[in-house]
Amino acid sequence: MALIQHVALVSESNLCKMNDLLRVSAAMQKQASRDLAPIWDVSATVDVFAKLQDVPDGYWPMVIRDNIGYSAAGIHIDKDGQPFALIAASDSVDKWSLTASHEMCEMVVDPSGNRQETGDSPKPGQGRVSFLVEVCDPSEAADFAYSVNGILVSDFFTPNYFDPVTASGVRYSYTGAITAPRQVLRGGYLSWKDSVDGHWWQQSWFDGGAPTFRDIGARDAKSASIRGFVDRLTAQRTAQAIDRGRVTAQSAGLTVAQAQKSLTGNATMWRQQISEILGRPSTRHGSAKKVAKKAAPKKKA
């Protein structure tokens, strides 16, 4: 059984209300349990807390704030070596829920930010390299997101993403948007280390009609993790890719507003059943008081 990781969702922004936090955390919990866990053999809980001071020891905080510079957004490592995430607030739930889902998936699959997988470089002639396992980056754009409970969440790649060749019937990302190993979709990127010169490289598709390669240099001493080093160079582009929200999402499904009709119907049904259990008047059964009165014996004169 996989070790259970505990994630805490906290808002320090007036843009993110408690009811939205609760709905997003429920969607992220379902994504973690239903989608991420069986594919990556991980286990996580996602819980909402009103204040950062309420987060228990052992939880990994995901803090939503108004003022987060592009270089600060993403996952960081605290002084005890534990991950935490900073998420930019937005008046659109779709935008910050997509960011939160992205960071949660990557945090749970790779808590240290240093997990690597060896494979053939996408760059011709480079040979074998070590890829950074950032499960959402290649398909991080909102275009490839999907919805859980009407909440927009991030696509993520599977372990087969690093297979040596493409095979029929193999799933390379959860939504199926990625169709081949080491493929980078528009708005995404993939990072790896060239063992010959020690430099980190990326294939990214931020502009133009096709992905391009770039040498981002050797990891600097400022970063507590490789992920931190990469995030500083790509955070602005990630924010832009996510910013389009549900409008361009291909697999988004129902919005929260559309899903609300069925939720309202469920609530009505549950209230009706609760009233019946408590013995209050209902359209199908008499009240408990009436039943008790009928059953009581008459007093003798």
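A cavity is a set of points on a 1 Å grid over the protein atoms alone where a 1.4 Å probe fits but cannot get out. The largest cavity holds about 50 Å³ of space, where a volume is the space filled by probe spheres set on the points, and grid points are joined across faces, edges and corners. Rolling a probe the size of a water molecule over the atoms shows where empty space is left.

This is a predicted model, in which local features need pLDDT of at least 70 and side-chain atom pairs count only at pLDDT 80 or more, while totals for chains, interfaces and linings use all residues. Residues are numbered from 1 along each chain as its sequence is written, and side-chain values use heavy atoms, with hydrogens and water left out.

**Stop 1: the cavity lining**

Select Leu 132, Glu 134, Asp 137, Pro 138, Phe 157, Tyr 189, Leu 190, Ser 191 and Val 230, which line the largest cavity. Lining residues have an atom within 4 Å of a point. Six of the lining residues are nonpolar, one is polar and two are charged. Here Ala, Val, Leu, Ile, Met, Phe, Trp, Tyr, Cys and Pro count as nonpolar, Asp, Glu, Lys and Arg as charged, and the others, Gly among them, as polar.

Now pick out Leu 132, which is found in strand β7. Leu 132 counts as buried because its relative accessibility is 2%; buried means under 20% relative accessible area, exposed over 50%, and partly exposed in between (1.4 Å probe, protein chains only). Select Arg 115 as well: its C-alpha atom is separated by 6.0 Å from that of Leu 132, although the two are 17 residues apart along the chain.

**Stop 2: strand β10 and its sheet**

Which strand gives the largest share of the lining of the largest cavity? Select residues 189-193: this is β10, and it supplies three residues of that lining. Strands (E, at least two residues) and helices (H or I, at least four) are DSSP runs, numbered from the N terminus. Four of the five residues of β10 are buried, so β10 is largely enclosed by the rest of the structure.

Show the whole sheet next. It is an open sheet of five strands in the order β6-β7-β10-β11-β12, with antiparallel pairing; two strands pair if DSSP finds at least two bridges between them. The edges are β6 (116-120) and β12 (212-217), each with a single partner strand, so one side of each has no neighbour in the sheet. On average, neighbouring strands of this sheet are turned by 35° against each other, direction ignored. Axes for such angles are lines fitted to C-alpha atoms, for helices over the stretch in contact, and angles run from 0 to 180 degrees between N-to-C directions.

Walk across the sheet pair by pair:

- β6 and β7 run antiparallel and are joined by five bridges; Thr 118 stands opposite Ser 130.
- β7 (residues 128-132) pairs with β10 over two bridges; Ser 130 stands opposite Lys 193.
- β10 is joined by five bridges to β11 (residues 200-204); Tyr 189 stands opposite Ser 204.

β10 and β11 form a hairpin with six residues between them, and Gly 198 in the turn has a positive phi of about 75°.

**Stop 3: the other sheet**

Select β2, β1, β3, β5 and β4, which in that order make an open sheet with mixed pairing. Its edge strands are β2 (43-48) and β4 (74-77), each pairing on one side only. Inside the sheet, β3 (residues 59-65) and β5 (residues 83-88) run parallel, joined by four bridges. Arg 65 stands opposite Ala 88 in β5.

**Stop 4: the largest pocket**

A pocket is an open set of points with protein on both sides within 12 Å along at least five of seven lines. The largest pocket has about 440 Å³ of space. Select Tyr 70, Ala 73, Ala 88, Thr 99 and Ala 239, which lie nearest its centre among 27 lining residues. The elements giving two or more residues to this lining are β5, α2 and α3 (226-243), and α3 has the largest share, eight residues.

Finish on α2 (residues 93-109), where 15 of the 17 residues are buried.
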